[in-house]
Amino acid sequence: MGDAKEGEEEWPRCVGCGRRVKTLYMQYSPGNIRLMKCDTCKAVADPYIECEFMIILIDLILHKTRAYRHLLFNKLRIYSSLDKVLGDALLGNIVFMTMLFLEVQFILKLSFDIRRYREVLLAVIISSYFKLFLMAMMVWEFPSSVIFFVEISVLSSNTVALRVVTEFSKAHCFGVCFGAHAARYLTERWLLGAP
């Protein structure tokens, strides 16, 4: 937009009409906010601010454009740290897959054949189904030890799936999967600045 005011491109958007608004809410005191209205459509600019995440998730599943506008233009702008978390998780998964493929290549000495690597990738993705249990943590509160259990279950499933696809010994497949999981874990710890 050629006539956009300085810095206006960083403003959040009304989830109803998609126009930019200066602010989504005014905070008077902790826990006391007033949602602002859009100057264009006169509706509350972003009512999702007060919604639980599961409501937003349901609306995303239902493909409601308002929910997508909230998530893409407002949530990620307001909580810019979420951008970093998503980027860190993506980098952790890239490190995981890179290490897995390198270890498959050098430890298992699997010949470089794109079809074989596609099989390995599909096997790892399918065998990571235990990660779906992490979604339950968004609905119900679980102790953080559940994350450890899920990660161990994923490691175990990845090992079995890799063994099925490559037909190598369980010990070799475990070593490959453990190395890839360890690399991802250490990368995420480093990115989060954890000791």
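R116 and E119 are three residues apart in helix α4, and therefore about one helical turn separates them; helices here are DSSP runs of H or I with at least four residues, numbered from the N terminus. Their side chains meet in a salt bridge, at 3.6 Å from N to O, where a salt bridge is a side-chain nitrogen of Lys or Arg within 4 Å of a carboxyl oxygen of Asp or Glu. E119 counts as partly exposed, at 31% relative accessibility, given that buried means under 20% relative accessible area, exposed over 50%, and partly exposed in between, with a 1.4 Å probe and protein chains only. The model is a predicted one, in which local features need pLDDT of at least 70 and side-chain atom pairs count only at pLDDT 80 or more, while totals for chains, interfaces and linings use all residues. Residues are numbered from 1 along each chain as its sequence is written, and side-chain values use heavy atoms, with hydrogens and water left out.

Two packed helices are described by the angle between their axes and the distance between the axes. Helix α4 (residues 114–126) and helix α6 (residues 145–166) have axes that come within 9 Å and cross at roughly 155°; the axes are lines fitted to C-alpha atoms over the stretch in contact, and angles run from 0 to 180 degrees between N-to-C directions. The two helices are therefore roughly antiparallel to each other, a term for angles over 145 degrees. In this pairing, R116, E119, V120, A123 and V124 of α4 meet N158, A161, L162, V165 and T166 of α6, contact meaning heavy atoms within 4.5 Å.

Helix α6 also takes part in a link to helix α7. R184 forms a salt bridge with E151, and the closest N and O atoms are 2.8 Å apart. Because R184 lies in helix α7 and E151 in helix α6, the pair ties together parts that are 33 residues apart in sequence. R184 is buried, with a relative accessible area of 7%, and K131, E151 and R184 are linked in a network of salt bridges.

Helix α7 (residues 170–192) also holds T187, which is buried with a relative accessible area of 14%. Leaving aside neighbours within four places in sequence, T187 is in contact with L91, G92 and V95.

A search of the whole structure finds four salt bridges. One of the pairs is K64 and D59, whose side chains meet at 3.9 Å from N to O; K64 is partly exposed at 39% relative accessible area, whereas D59 counts as buried at 12%.

Technical notes:
Parallel < 35°, antiparallel > 145°, perpendicular 65-115°, else oblique.
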